[in-house]
Amino acid sequence: MAEIEPGLGLDPSARVEAVGCETGFPVDDVGIAVSGGGFILVQAKGGLRRLDSRAEDLRKAVDQLIKAMTSGLHTADGVRPVDPSRDRLVIATNQRGSAAFGALGTVCARLRDHPQSLPLDDAAKTVEERQAFATFRCVIESAWAAATGSAPTEDELRQLLRVLEVQRLDFDADAGVHRVRGVSLLERTRAAKSFSDLVGIGLEVARERSWRQRQALAAALGVSASAGKSRAVEAWRHAARKGHGRRVARLTPLVDPARRDAVLAWMAALDDPVVDVPAGTVRVLVARLGAGKSELAARWWEQGLQAAADDPDTDIPLFFTPRHIATSLEQAVVAELGGEPAKCRVVLDDLDSLPAQEAGRLLVEARELVQVWPNVSVLATARPGIVVPAEEKIDVAPWPVGRGADLAEVAIGDHIPPHLWTTETADLLTSPLTALALAARVDTGRDTKVSRVQLLSDLAPTVIKSHHIDVSDETWQDLARLAVALLEQPLTATADLFQPLPRLRRLVATDLVVLDDGTLVFALPVLEQYFGAEAIRSKRVSLEAVAAAGSFPRWRYALAFALSSSAAPKQEALLIELARINPAAAFWVLDEIAETEAHDTLDGPSDEVIAELIQRRDASGATTSPDLTVRAGLWLREAEQALLTGLGPLAESLVRHRDGNLVQWGVWLQDGYLTLARARDTAPPPAVVKLTEIHPSLAHWHRWKQFPFPTKDFGRWLLAQDELQEQLQSAIRRRTLPVPRTSWLARERTYFLASFVQDSASSRRRPIRLAELRDTVADRMETVNTSVRATWQGPGGPVDSDDIRWLSAQLTLEDGDTLQPPWPTGDQPRTGRWAWQAYSPELTLTLATAIVREALVGYRQLVELNFPAFGHAMGLYSMLPLRVEGLVGRFADDSVSCVEMLLKLHPDPKQHDRDAPAVDLRIVTDDHDRTFWDFGQNYRRSPRTTFGQNPLQDIQLPLHVNSPATSLAYRWLAQDLAAIGWLKNSHRLVG
């Protein structure tokens, strides 16, 4: 043993010194002594079926690990702690154990060298690894707390995971499956070599994955075979080659040749159960295009091929597509086998490539076939629409997203770029076909910076091309009509929309559409958006309809496809119309398709380049001034004006207006740089004038800036976006967007401003005498009325003339003698470090419930008053009405700086009171209580809404501010605006 290296990341110079069983150590199934005083302690658990906190066998193994970590190792020299440099604690299971243990083992191996500065969870890279590690970590923390009375610290957890090894091994009887196969095959050959030689040769053949090939094994051993056997072996080899060829053919259009073997190996390693088709029966796999039906049928066929290798009485399985069956299924089987079948598996792939009547006839023949030969079984594949009895039908479930991601990453040879993760790309990963198509488009050797829109728009042609689909012009238009029917209310399409019957048949024959029980759907969801774009381009549907507040989320990728694939003037015309209808749609599309302007040098573009850009992209012909400077100004102004028109009343809060119009612009163009000045009070006409100097005087102009003229295709839109984002960001930061004057958010703002003008240094919540407040505000109004703009600084941020005007108007609604604070002060003595410690658990819960309720109402008012055209493009707004359940964590821990809330937002159409949404919160005060963790785990897989608002919210309760409901409402608003491109760096605005 002195020559055996222990492995497991231990010192390569270490050697195994002794091996024992039931050693008395905490982890005692197998104990291995290693030179240098180290130990490898193995807990062997055969058939760990579940990586689950409820699995008793796993919990027992973990308990022993924790005992070793907390109690130490009893050695001849006394008790010592587990040492990561020389000890390993191992959980070992066999191949009957859950595959999740394999994923967990991969994570544990990474954690050994995981940087201390990175979270432990970062060591898990794939979805399966993240799921396995999260579950295992939960088991460890729970068991540790049960054993010691407290959860492990981060350092204790890292220490355990550094010494932990998880192995999923093949340690069944006779040293494993390869040995069993090798010995079995050697016995069949009747070879005359020594047993150890034979076993060595047999294991080598098994490792090379050729253990089924008896003839190859006989040749390796020098054993002759009969001519009959030789022909059988050759027939088996031929079938195996054909099976491999079918796999390669399916992969060829989608997988780079250099990655094909890796994809084939990954697919071969899947450990899913093979479809069960008993002898004498017919089964039909039913699923949409690309769901993996043919792959499941191929695995069942390969299982039959293995059975034929092991049993001379079993026929080589048959794999047919309908075009291979010239007369009848029975004749095709007999002709392929050269006689009647004995034990045979038959695959009928792609049954729906036949008209429904012929497909039904073939299924009848399959049923007759298994009655004539009871040892024959038939497995067919078809898409929805073919009538199949319930006892024969096997519905193929979509793939888990994690599996599709793994397949795509194997095909790419790298991780999927993070910026491509969206709801739509996650949907693509539930199908092997679209997962591979995604991988083909994101091939890291060609295009790592592909946009989501480009990815999705290219995917549909890739699928169409890979299936060799040829569609007439009339049917192509019918596909666009189908997209409109599915994307518009009532979001369904019946066969009656495409009559007469030959027209419907041509549509279904494209393989892009599935007819199921009289209802039509696209075979892949991405085709819906692809042909929706065709409907927009051909004006089969109006832009007003698809960009409306309630429709845009369904049509957004179709809009992006249509814009990105149109000619330059058409792009501009579509964007102008889109901006006027729904600025949220315009910004979202811009974020998806526009290339950010980049300047490699300080030189601006030439006049010729600017003139060519305007001429090439001008759709309206409005920018016809003979002066290039004015023409350039008009070109830029047109984009900003379109967006402001779409914004409606909010526009005047973002940029300067006069008499309802955007103020006049002054422009100066020199050396490719444009100076743009905005008038203080002058309204058009003219809309744009030429400045008399490059640095205009602020006596006439409100403000000005200078920049290189944007020459990218969507440059003027990005410039307008930056301008409006900057102004909106200021309004969000200062919480000054209009709200109803009687709303709770208005009440909080009133009190905040009143506190500021009365005593800017105080943050205490106290009643304010209205008489004194009105006098102070009147004094401030004199300053406002006699200055261009007045600003005061305070601890809550600046207050300016507009704030004082608003407060003065708001005070006219107040009666009585005092202005009361909107929220009560704390009910506990202020002896702690943090604001929350002044509130008892009971008052904390009361305030949290009220703050969440008022924040939801305030958020809705902000959206409806300021962003009415955005509608369901706003993530949280698209979920309304809703109810809230959640937990409020007020822990008696002086190191915790805030109260944490976990909120689950449940869309609930039954909620009728818009001003009093249901909020059901519970208080948690024990920091050892696992309720918080369990609540988060129960909802961690909640689906996001279209634009990214998470239904599970982890929020700090803002008890330290005077306007907590306003803070929370603006947090949600900022997140939603960022998701559609109307804000940048929203995380800085949500405090």
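This is a guided tour of a predicted model, one selection at a time.

**Whole chain**

Start with everything shown. The chain has 991 residues, and 50% of them are buried. Colour by secondary structure to see 33 helices and 28 strands.

**Stop 1: β11 and Ser377**

Select residues 376-382. This is strand β11, and Ser377 sits in it. Ser377 has a relative accessibility of 4%, so it counts as buried, the cut-off being under 20%.

**Stop 2: helix α15**

Move to residues 432-441, helix α15. How many of its residues are buried? The count is 10 of 10, and the helix is mostly covered. Step along it from Pro432, Leu433 and Thr434 to Ala435, Leu436 and Ala437, and these are buried. Leu438, Ala439, Ala440 and Arg441 are buried too.

**Stop 3: the β13-β14 hairpin**

Select 513-516 and 519-522. These are strands β13 and β14, paired antiparallel over 4 bridges. Pick Val514, and its bridge partner in β14 is Val521. Two strands joined this way leave 2 residues between them, and Asp517 in this hairpin has a positive phi near 55°.

Now show the side chains of β14. Which of them point to the buried face? Leu520 and Phe522 share one face and are buried.

**Stop 4: helix α19**

Select residues 525-537. Helix α19 has 13 residues. From first C-alpha to last it reaches 19 Å, close to the expected 18 Å. The buried residues of α19 include Val526, Leu527, Gln529, Tyr530 and Phe531. Gly532, Ala533, Glu534, Ala535 and Ile536 are buried as well. Past the helix, click Lys539. Lys539 follows α19 and has a positive phi near 60°.

**Stop 5: α19 against α21**

At what angle do α19 and α21 pack? The angle is about 65°, and the axes are 8 Å apart. The crossing is right-handed. Show side chains at the contact. From α19 come Gln529, Tyr530, Gly532, Ala533, Ile536 and Arg537. From α21, the residues that meet them are Arg554, Trp555, Arg556, Tyr557, Ala558, Leu559, Phe561 and Ala562. By class, this contact of α19 with α21 holds 9 nonpolar, 2 polar and 3 charged residues.

**Stop 6: a four-stranded sheet**

Go to the open sheet of 4 strands ordered β19-β17-β18-β20. The pairing is mixed. The edges are β19 (688-690) and β20 (701-708). Each has a single partner strand, so one side of each is left without a neighbour in the sheet. Look across the strands: neighbours are turned by 25° against each other on average, direction ignored.

Zoom in on β17 (residues 665-670) and β18 (residues 673-679). They run antiparallel and are joined by 6 bridges. Pick Trp668 to find one of the bridged pairs. Its partner in β18 is Thr675.

**Stop 7: Val799**

Finish at residues 799-800, strand β23, where Val799 lies. Is Val799 buried or exposed? Its relative accessible area is 1%, so Val799 is buried. Draw a C-alpha to C-alpha distance from Val799 to Val757. The two are 42 residues apart in sequence and 9.1 Å apart in space.

Last, show the contacts of Val799, leaving out neighbours within four places in sequence. They include Arg734, Leu753 and Phe756. Ala790, Thr791 and Trp792 are in contact with Val799 too, as is Ile804.

How values were computed
Residues numbered from 1 in each chain as written. Predicted model: local features only at pLDDT ≥ 70, side-chain atom pairs only at ≥ 80, totals over all residues. Heavy atoms only, no water. Expected span 1.5 Å × (residues − 1). Buried < 20%, exposed > 50% of the residue type's maximum accessible area, 1.4 Å probe, protein only. Axes fitted to C-alpha atoms, helices over the stretch in contact; angles between N-to-C directions. Left-handed = near helix turned anticlockwise from the far one by under 90°. Contact = heavy atoms within 4.5 Å. Nonpolar A, V, L, I, M, F, W, Y, C, P; charged D, E, K, R; others polar. Pairing = 2+ DSSP bridges.
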